[in-house]
Amino acid sequence: MRLAAIEEEFGDQVLVEWRSFLLRAEPEPRTMEKFTRYTKSWETPASMEPRTLFNEWSGDHEPPSHSVPSSVAGKAAETLGPDVYRAFSMAMFEAYFTENRTISDRSVQLDIAESVGIDRNVFAELLNDESKVLEQAVWNDYRTAINNEVTAVPSVVVENQWVLPGALDEEQYRRIVQRALEIMAEESE
């Protein structure tokens, strides 16, 4: 939400490009109790972002198995264009953090795709990525992030030079973007 606001405020001067980062690269079973305790850590980001609702995990949905399936789904949405990707990503965030849905589950991904106007059959075909091109793109993003010393989610990389680990408030992002634009203007003179 904060980055979308910054992107809107600065217009063509700022382009936000999302990349995959695997918090859980391999499937690892977790008990509902352990996962629910983990989701209590969402209280801090929830307090920083009033435009988004974070809910401690509850209900009938199992915890996601790992990060790869949801990241591949994001790459599939990305192939349909930036606006489709943005809508899908925001719906995935809401499904996970607000609705406590298992976004590593294929049927949940298809439901979310359909909810943002993506043809369910088209999306299912994209997810059947037998050549593993989308999964490879996820792993490439992840390796690039690790090589660039990204260690936190979220992290923002500005102009491939500055890594901002962790969630910052909108004013902090604004100041950093303004300073980066000033530096780039000075360097182009």
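A crossing counts as left-handed if the near helix is turned anticlockwise from the far one by less than a right angle, and as right-handed if clockwise. Helices (H or I, at least four residues) and strands (E, at least two) are DSSP runs, numbered from the N terminus. Before you click, remember that this is a predicted model, where local features need pLDDT of at least 70 and side-chain atom pairs count only at pLDDT 80 or more, while totals for chains, interfaces and linings use all residues. Residues are numbered from 1 along each chain as its sequence is written, and side-chain values use heavy atoms, with hydrogens and water left out.

**Stop 1: H6 and H7**

Select residues 106-115 for helix H6 and 120-127 for helix H7; they pack at an angle of about 135° with their axes 9 Å apart. (Axes are lines fitted to C-alpha atoms, for helices over the stretch in contact, and angles run from 0 to 180 degrees between N-to-C directions.) That angle makes H6 oblique to H7; under 35 degrees counts as roughly parallel, over 145 as roughly antiparallel, 65 to 115 as roughly perpendicular, and the rest as oblique. H6 passes H7 in a right-handed crossing.

Now show side chains. On the H7 side, Arg120, Phe123, Ala124 and Leu127 meet residues of H6, including Leu110, Ala113 and Glu114, where contact means heavy atoms within 4.5 Å. Sorted by class, the contact of H6 with H7 has 5 nonpolar, 2 polar and 4 charged residues. (Ala, Val, Leu, Ile, Met, Phe, Trp, Tyr, Cys and Pro count as nonpolar, Asp, Glu, Lys and Arg as charged, and the others, Gly among them, as polar.)

**Stop 2: the cores**

Stay on Phe123. Which residues does Phe123 contact, leaving aside its neighbours within four places in sequence? The list is Ala73, Ala76, Ala77, Leu80, Phe88, Gln109, Leu110, Ala113 and Ile118.

A nonpolar core is a set of buried Ala, Val, Leu, Ile, Met, Phe, Trp, Tyr and Cys residues joined through side-chain atoms within 4.5 Å; buried means under 20% relative accessible area, exposed over 50%, and partly exposed in between (1.4 Å probe, protein chains only). The largest such core has 31 residues, and Phe88, Tyr96, Ile103, Ile112, Phe123 and Leu127 touch the most other members. Helix H4 (68-78), helix H5 (82-98), H6, H7 and helix H8 (133-147) each give two or more residues to this core, with the largest share, 7 residues, coming from H5. For a second, separate core of 13 residues, pick out Phe10, Leu168, Ala180 and Leu181, which are among its members.

**Stop 3: H1 and H9**

Next, select helix H1 (residues 2-10) and helix H9 (residues 170-188), whose axes come within 10 Å and cross at roughly 40°. H1 and H9 are therefore oblique to each other, and their crossing is right-handed. Among the residues that meet here are Ile6 and Phe10 in H1, and Tyr173, Val177 and Leu181 in H9.

**Stop 4**

Most residues other than glycine have a negative phi, and most peptide bonds are trans. Zoom in on the peptide bond from Val153 to Pro154: it is cis, with omega near 0°. Pro154 lies in the loop between H8 and strand E1 (155-158). Glu149 also lies in the loop between H8 and E1, and has a positive phi of about 65° although it is not a glycine. Glu149 is exposed, with a relative accessible area of 65%.

Finish at Glu159, in the loop between E1 and strand E2 (162-165). Glu159 has a positive phi of about 50° and is partly exposed, with a relative accessible area of 44%.
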